[in-house]
Amino acid sequence: MSLAALDIAFDATCRDRRWRFAPVAGPDVARCVVGRSREEAAGLLPRVYNLCGGAHAVAAAAALGLPEPCRDRLSERLRDHAVAVFAEWPALFGGAPDRAALRQLAGTAEDHLALRRHVLGDDVAASELDLARATPAEFGKWLDRAASPTARLMRRLQDTLHPDWGRVELDRPDMADVVAALEDGTPRVARETTAADGWRGAPLIRDLLAREGMSLFVRLLARLLDLLAGLAGNAGPAPDRRPPPGIGFAYAARGLLAHRARVEDGVVVDYRILAPSAWNLAPDGLLARMLAALPTNDETSRLARIAVAAVNPCVPVRLSFERGERRGDA
């Protein structure tokens with residue numbers, strides 16, 4: 001079985017256990033390749049996991065000992081972050097989606113550069129800004145100029161989010177953690193892997209981490225930087241370690257993806273997949289700790305949805321709240 005969804009209920013009247021988590025189990029889809037050849041398995045898995053098919057294709061090929069396929073992982077990454085920045089995040093404050101921006105995703109490289117300018121602002125100072133390398137002062141000026149809808153949205157998010165709210169510091173999984181989790185089918189220790197993995201060393205993120213730690217706002221900003229880099233045609237982060245034979249890594253928009261294959265006489269006899277959400281949605285994992293670090297007030301519902309957006313799970317997370325608030329997918 002694998003995680004198909006996560007239901008989370010908040011009850012402000014329960015002091016000891018305000019957040020209750022109910023994982024929804026689904027079939028272990030990776031088992032569909034057992035009994036197939038390497039090539040069949042490598043072709044099938046990206047179609048089954050089509051949300052991040054390119055990342056799964058790369059991880060599967062590595063795990064199965066096949067050449068790396070030529071897959072368009074950039075489009076997956078752009079789609080994932082763009083839907084958040086142009087639709088999901090504005091909706092947190094009652095805003096409408098930027099449908100014109102979303103349509104540009106299907107365009108050419110020139111359209112992507114135009115979309116990048118739309119994100120940063122059309123004036124020269126804004127459009128030429130390398131946000132990832134900006135100082136906190138330069139970033140603050142970009143927010144103050146409010147030269148684009150995205151800049152205004154990020155200012156709203158920064159003004160809404162106290163750095164202490166939802167702040168969690170967890171290590172990324174190391175090789176031993178990943179190998180053990182693949183063997184057990186679940187992580188043994190609390191770790192995190194998100195879009196922030198590839199941006200911790202960026203000057204702006206590094207400076208903000210020194211000031212406020214891994215806050216909700218810093219996590220959202222890392223997703224924005226990943227979108228901007230993708231719009232400029234830059235490849236996403238590459239795994240910084242080489243796994244042992246039979247294990248394949250790839251970075252998806254949501255974090256590190258790991259596959260493990262065992263093959264005998266050319267036939268797959270066991271196959272396991274460890275998605276980023278296996279870490280981030282684990283009991284006492286990243287999201288659970290982030291929610292526990294939120295205040296209980298009139299903004300708890302919105303803050304919880306922001307926390308889910310910052311984690312960016314691979315499976316639906318359904319939040320429900322007391323006081324008659326409407327249940328909905330985050």
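Author: Strand 1 (2-10) and strand 2 pair in the antiparallel sense over 8 bridges. This is a predicted model, in which local features need pLDDT of at least 70 and side-chain atom pairs count only at pLDDT 80 or more, while totals for chains, interfaces and linings use all residues. Residues are numbered from 1 along each chain as its sequence is written, and side-chain values use heavy atoms, with hydrogens and water left out.

Reader: In which sense do strand 1 and strand 6 pair, parallel or antiparallel?

Author: Strands of a sheet pair through backbone hydrogen bonds, either parallel or antiparallel. Two strands count as paired if DSSP finds at least two bridges between them; strands (E, at least two residues) and helices (H or I, at least four) are DSSP runs, numbered from the N terminus. Here strand 1 and strand 6 (residues 317-321) are parallel, with 5 bridges. Phe10 stands opposite Phe321 in strand 6, and Phe10 also has Trp19 in strand 2 as a bridge partner.

Reader: What is the order of the strands in the open sheet?

Author: The order is 3-4-5 in this open sheet of 3 strands, and the pairing is antiparallel. Strand 3 (247-252) and strand 5 are at the edges with a single partner strand each, so one side of each has no neighbour in the sheet. From one strand to the next, the twist averages 20 degrees. Strand 4 (residues 255-264) is joined to strand 5 by 7 bridges, and Arg260 stands opposite Arg272 in strand 5.

Reader: At what angle do helix 3 and helix 11 cross?

Author: Axes are lines fitted to C-alpha atoms, for helices over the stretch in contact, and angles run from 0 to 180 degrees between N-to-C directions. The axes of helix 3 (residues 73-91) and helix 11 cross at roughly 130 degrees and come within 9 Å. That makes helix 3 oblique to helix 11 (under 35 degrees counts as roughly parallel, over 145 as roughly antiparallel, 65 to 115 as roughly perpendicular and the rest as oblique).

Reader: How many cavities of 30 Å³ or more does a search of the whole structure find?

Author: Rolling a probe the size of a water molecule over the atoms shows where empty space is left. On a 1 Å grid over the protein atoms alone, a cavity is a set of points where a 1.4 Å probe fits but cannot get out, and a pocket is an open set with protein on both sides within 12 Å along at least five of seven lines; lining residues have an atom within 4 Å of a point. Grid points are joined across faces, edges and corners, and a volume is the space filled by probe spheres set on the points. The search finds 2 cavities of that size. The largest cavity has a volume of about 40 Å³, and its lining includes Thr194, Arg219 and Asn312. Helix 11 (216-231) and helix 14 (300-311) each give two or more residues to that lining. The second largest cavity holds about 40 Å³ of space, with Asp197, Asp226 and Tyr251 among its lining residues.

Reader: Which strand gives the most to the lining of the largest pocket?

Author: The largest pocket contains about 1,100 Å³ of space. Of its 43 lining residues, Ser2, Leu3, Ile273, Ala275 and Ala278 are the closest to its centre. Strand 5 gives the most to the lining, with 5 residues.
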